[in-house]
Amino acid sequence: MLDIKLIRKDPEEVAKKLKSKVPDADITRVLELDVLIREKKTRVEQLKAIRNTASDAIGQMKRKGENTDALMADVAKHSDEIHALDPEITRAEAQFTDLLARLPNLPMDDVKVALDPKENVEVKIWGKKPEFSFSFKNHVELNEKLKLFDFERGAKLAGSGWPIYCGNGARLEWALINYMIDYHVKDGWQQIMPPITVKRDGLFSAGQLPKFENQQYKIAEEEHPLYLIPTAEVALNGMHADEILPEVVLPLRYIAYTPCFRREAGAAGSTERGLIRMHQFNKVEMFSFCTPEQSEAMFKEMVARAEGILEGLELHYRSMLLVTGDMSFASSRTIDVEVWLPGQNRYYEVSSISNCTDYQSRRGQIRYRKKGEKAELVHTLNGSGLATSRLMVAILENNQQPDGSVTIPKALRPYMGGLDRLQ
């Protein structure tokens, strides 16, 4: 959530930056409500002060035996006005909070201003696109022989977008997950196994609500409503909600494997076949809590980690600095790491690393304290490290052989019992 003090200080600059992400973003009503709330609260404080002074005077007059009817009538009138203002303030604050929560994070100054993702800036490219001397297949076609996934039976169980992983497909998926967990843990990242459900507050803190309510899977239980997590970012961000962390423990580096659930309601490309876009997928998530001073270095570290995984798997990729209009709601700067998928003849994002500055921590009241100083908001950063479904597609399509078999990357073979080929 944005700092209202920043909006008050420079509304024109804030409005300009917001519109560079969301053209119809408008802070007019937010500022109007901010003024209204402060005026009404000031009036309530004035009335309470007058009432208290009058109450003291009434006590003194009563002790002297003087008539207090007129003064008591004034006190009653002031009390009535206070009681009338209180619900007005409550309603205005609820509307103010809702509107403020619907505003995205501001992009950093060095992020290119554009709405078209085609203007994203390439900051790195690694490896080369594979060259095939034969008519290559996409992963769905390869699966006809390899039988790694069962899309039809998955649809029978839960509908389209919920495949079943079978045999070596399931083994390869677990190999990927374990390879990535080991990659992070060996460098000191702490593994977390969070619940895959969260309360509404957790989604709000991460910036998923109220904006993206229609993208969530909700467990509709009246007494204890929960949501399936769209990413482990939500759970990891919520771990330290309403806490004050000592500065000496920062930065915190967490990784978590979880399944992720997304409705993909209205998503562009939702008709893409196979594993490209699904309602449930597996992901190893990186998440960090740090001081503002540590924030930029942590961002670079997380980008390097996502890239390092792809290099370990010998997969061609590019890293793209997103323009303002292509960044996520909570992000202030984002780099997407995109792997090349021959079957789709395009790059696809397998990791999106975002610096959310203090946007999420303000929502979740996650702070840190330097010794002897006032508590301040932490910065939060997140990034896939990595998501497996498109990574699986990349491995199959880039490593396919003329006979329809697939060579398993060397880094994954120890996790596959030494198996070097799918056939």
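Modeller: Two strands pair if DSSP finds at least two bridges between them. Strands here are DSSP runs of at least two residues, numbered from the N terminus. This is a predicted model, in which local features need pLDDT of at least 70. Residues are numbered from 1 along each chain.

Colleague: What makes E6 and E7 a pair?

Modeller: E6 and strand E7 (residues 226-228) share 3 bridges, and the rule asks for at least two, so they pair. The sense is antiparallel. Within this pair, Tyr217 has Leu228 in E7 as its bridge partner.

Colleague: Which sheet holds them, and in what order?

Modeller: An open sheet of 3 strands, ordered E5-E7-E6, with antiparallel pairing. Strand E5 (197-198) and strand E6 (217-219) are at the edges because each has a single partner strand, which leaves one side of each without a neighbour in the sheet.

Colleague: How do you know that E14 and E15 pair?

Modeller: Strand E14 (residues 367-369) and E15 are joined by 2 bridges and run antiparallel; at least two are required, so the pair counts. Arg367 stands opposite Leu377 in E15. These strands belong to an open sheet with the order E8-E14-E15 and mixed pairing. Strand E8 (244-246) and E15 are its edges, since each has a single partner strand.

Colleague: Why is Glu376 called partly exposed?

Modeller: Buried means under 20% relative accessible area and exposed means over 50%, with partly exposed in between (1.4 Å probe, protein chains only). Glu376 has 34% relative accessibility, so it counts as partly exposed. Glu376 lies in strand E15 (residues 376-377).

Technical notes:
This is a predicted model: local features need pLDDT of at least 70, side-chain atom pairs count only at pLDDT 80 or more; totals for chains, interfaces and linings use all residues. Side-chain values use heavy atoms; hydrogens and water are left out. Helices (H or I, at least four residues) and strands (E, at least two) are DSSP runs, numbered from the N terminus.
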